[in-house]
Amino acid sequence: MTGLRFDDHFADPDGLFAALAGALGDLSAEEQRQFTAALALLLLNQLPSREAALAALDEARSVVLAAREIPKETSP
Amino acid sequence: MSFTYPRYPSPPIPDRRAVPVVVVGGGLVGLTLALDLARQGVPVRLIDDDDTVSVGSRAICFSKRTLEIYDRLGLGEKFLEKGITWNRGKVFFRKQLIYEFDLLPESGHHYPAFVNLQQYYAEAWLVEACAAAGVELYWRHRLTGLDAREDGVRLSVSAPEGDYDLEGEWVLACDGARSQVRECLGLGFTGKVFNDRFLIADVEMEADFPTERWFWFDPPFHPGQSVLLHRQADNVWRIDFQLGPDADPEEERKPERVIPRIRAMLGARPFRLEWVSVYTFRCRRLERFRHGRVIFAGDAAHQVSPFGARGGNGGVQDADNLAWKLAALLRGEASSTLLDTYDAERIPAADENILHSTRSTDFISPKGEAMRAFRDATLLLAARHPFARRLVNSGRLSTPAILEESPLNDPAASPWPGCPPLGAPAIDAPLTARSGQRVWLLDALQSGFTLLAQGPLPEGEREALGRAGITAVTIGPEGELRDEAGLFAARYGRVPGYLFFRPDQHLAGAYTRYDRAHLLALKRWILAGGRLSAPAPARAAAEVSP
C-alpha cells in the first residue's frame, strides 16, 4: 500500500531467517554444522539442473573469496 | 546550542483528592496521553517521581505516524523545525556498502519517514503543552501504593511535603519499563530477555556525513560486533555499539573505555561526549493492558529492542488509541466495553513490534557459530544478490499498526480495489481548498469521527451528520477540497466513495453508496465497543459495485 513508507523488501519480511534461527535453536555446535551441510545438499538437490547446481557452487565460492578483498579502512 | 534541563516545581499536596484520570509517569507516553485527553476536555492529573524530562537522548527516531499524531496535538511543526529529517538508510558489512533503502520513496506527504530528535526536547514541549491545556502536573509526587477496585482506584502518593492518598476514576500507567503500577498489581511479563549489552554514546561534533541511518555489521573499527550511527539535533550524533554479553556495564560507560571506541570509528575528528548509557533489552509484554480501571501504555505495557524505533513510537500510538476512547467514555458517549478494544487493537500491535524487534535482534546478535555463519553469508550475498537483501535485518523500522482485525471495523463495509484496508491509519495527501490554499488531508480529519466523501453529498446531509457528531469533508471538483495532484485518488482508489474515520484517524468503514442511517448506527456501534458489544449494524441496501 502506498503512503505507509513500508518497504516490504528488507528485514526478513517472510520470516525465513527467523525460521532458520528457530531450526538451529537447540542443536549442539556439531549438530549445527551437520544441519548446515545437510541443508546445502538438500537445496542443491532442489535446483533444476546439474548446470544450475554447479553455477551455485561457483557463485558461493566467489562470494566468499571476494570477501577477502573488502577494504579495511578504519573510519566511516 | 545544547539543551538545558528544566526543573519543574513540585506543587504542594493537593486539596482535591478525587480526579477522573490520573496518569502515572511523565515521560513521552504519559505526557502525550495527558495532553490528548486534556485537549478533549478531560480533567487529568499527572504524577511523576522526578522533576525534569528524561535524561539523555533515549528515543530519538520519531516515525511518520507519531509525527502525524503530534501534528493533531499541535506539536508536529516543532519536530520538523528542530529535528533532523531522514528517509534513507545504508547497511554495511565490514567496510562494504551492501544495501540502501528509502522509507518514503514518494512525495506528497506532510511528514517524512522519520525525524530524529532527542526525547528531552519532545518531553519539554509536551510539558508546556500539557500545562497550557490544563493538565495538573505534580512533579516529585511518587506512587507508593495502589488499591484498584471496580469503581475506582486509590493511589498512595509520596510528595516532598509528605504522604497522601489520591482517588482516580481511571489510572493510566505510563511509568515505563520499571513500572511501579505494575509492581503494585503484581503483574508479570511474558517474552524474551536478551543478554547482549549495547553502549549508546551521544557525541557532539561537526560532521558532513549525509543525514541517513548507517548500520555496520562487523566493521573494522569494532570487529565482530555491530554499530549504528544516527544524527540528532544540535550536531549530536548517536553511536550505538554492540558490546556482547560479557561486557561489564560499569567499566564500559567510563570515558576511558568509550572514547577509544569512538576514536577508532571517527579517527582524528574532534568530538565532545554528551551522554553514555549501557543497556540490555527485552522483547516482552503484559498479558493484558487493561486491568479494570488501570490501563497500561508504552514501556509499562510492552518492551522491545531499540532496533526499529518501535518503543517510543509504539507507546505514542497506544496513547493515540486510548485517549479518544476514554474521553468518549467520560463524556458519557461510550460504553466501558470500548476500552476493551484498546487491548484488542494494541496487543496485536505490540506483538507485531515484538516479532520484528526479536527478529532484528536475532540477526544482529546471532546465537552460535552456525547462525553467525548464515548471518555473515547473507550479508556477503546481499551485496550481489537482491534476494539476500530481503533477509538482512538491521531493524525493521516502525510502521503504524494496521488494525485489520479490529472489533471496530465495519463488517458491512465494502472497500474497493485500491482502498486502504479497514483499520489502516489515514494516508496523507496534498489537497487544495476552495480559497486556493494548499492543505493536507490529515488536517481535515483532526480528532473526531469524519466522513470523507469523494464527491458531493445530498442537500442537508452535512448538517445532519454534524448534528450526530460526524464531520463531513467533500473531496472532488465540486467539493470543499480538490485533489489537483491526483494523489488522494491514487492512495484511496479511483472510485467515488465514502470513507469513515475514527477520531484517531484509522479507517473504520468504506462504502460506494451514501447511507446516513448506517453511518449513524456505525458510530453508535463503535462507541458501544463494536464487535465486542454487539453484531455490526446491517446496511439497508446492497452496495453498488465499483
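So, where in chain B is the place of B:Glu212? Have a look at the loop between strand 13 and strand 14 of chain B, and you'll find B:Glu212 there. Before I go on, keep in mind that what we're looking at is a predicted model.

Okay, let's stay with that residue. Is B:Glu212 buried or exposed? Its relative accessible area is 13%, and under 20% counts as buried, so B:Glu212 is buried. Now, who does B:Glu212 talk to? If you skip the neighbours within four places in sequence, B:Glu212 is in contact with B:Arg88, B:Lys90 and B:Leu229. Its side chain also has a polar contact of 2.9 Å with the side chain of B:Trp214. And there's a polar contact with the side chain of B:Lys90, at 3.2 Å.

Side chains of opposite charge can pair when their charged atoms come close. Here, B:Lys90 and B:Glu212 meet in a salt bridge, with 3.2 Å from N to O. B:Lys90 sits in strand 5, residues 88-93 of chain B, while B:Glu212 is in the loop between strand 13 (197-204) and strand 14 (213-217), so this pair ties together parts that are 122 residues apart in sequence. B:Lys90 is buried as well, with a relative accessible area of 16%.

Next one, still in chain B. The side chains of B:Asp51 and B:Arg7 form a salt bridge too, 2.8 Å from N to O. Why do I say this pair ties parts of the chain together? Well, B:Asp51 is in the loop between strand 2 (44-48) and strand 3 (61-63), and B:Arg7 is in the segment before strand 1 (18-24), so the two ends come from parts 44 residues apart in sequence. What I like here is the contrast: B:Asp51 is buried at 13% relative accessible area, whereas B:Arg7 is exposed at 60%.

B:Asp36, B:Lys64, B:Arg65, B:Glu68, B:Arg72 and B:Asp320 are linked in a network of them. And how many salt bridges are there over all chains? The count comes to 41.

A quick stop at B:Ser63, which is found in strand 3 of chain B. B:Ser63 has 0% relative accessibility, so B:Ser63 counts as buried.

Now, how do the two chains meet? On the chain B side, 53 residues are in contact with 37 residues of chain A. About 3900 Å² is buried between them, with 64% of it from carbon and sulfur atoms. In chain B, B:Lys95, B:Arg390 and B:Arg396 lose the most area to chain A, together 20% of what that side buries.

Across this interface there are eight residue pairs in polar contact. Several elements of chain B each supply at least two residues to the side touching chain A, including helix 2 (64-72), helix 7 (255-266) and helix 9 (337-364). Which element gives the largest share? That's helix 10 of chain B, with eight residues. Sort the residues on this side by type and you get 30 nonpolar, nine polar and 14 charged.

There are also two salt bridges across the interface. One of them joins A:Asp14 and B:Arg390, with the closest N and O atoms 2.5 Å apart. A:Asp14 lies in the segment before helix 1 (16-24) of chain A, and B:Arg390 is in the loop between helix 11 (386-389) and strand 22 (430-433) of chain B. A:Asp14 counts as exposed at 52% relative accessibility, and B:Arg390 counts as partly exposed at 27%.

That's my tour. Thanks, everyone!

Technical notes: Residues are numbered from 1 along each chain as its sequence is written. Chains are lettered from A and ligands numbered from 1 in the order in which they are written. This is a predicted model: local features need pLDDT of at least 70, side-chain atom pairs count only at pLDDT 80 or more; totals for chains, interfaces and linings use all residues. Side-chain values use heavy atoms; hydrogens and water are left out. A salt bridge is a side-chain nitrogen of Lys or Arg within 4 Å of a carboxyl oxygen of Asp or Glu. Helices (H or I, at least four residues) and strands (E, at least two) are DSSP runs, numbered from the N terminus. Buried means under 20% relative accessible area, exposed over 50%, partly exposed in between (1.4 Å probe, protein chains only). Contact means heavy atoms within 4.5 Å. Buried area is the accessible area (1.4 Å probe) that two parts lose on being put together, summed over both. A polar contact is a pair of N or O atoms within 3.5 Å; within protein, one must be able to donate a hydrogen and the other to accept it, and residues adjacent in sequence count only if both atoms are side-chain atoms. Ala, Val, Leu, Ile, Met, Phe, Trp, Tyr, Cys and Pro count as nonpolar, Asp, Glu, Lys and Arg as charged, and the others, Gly among them, as polar.
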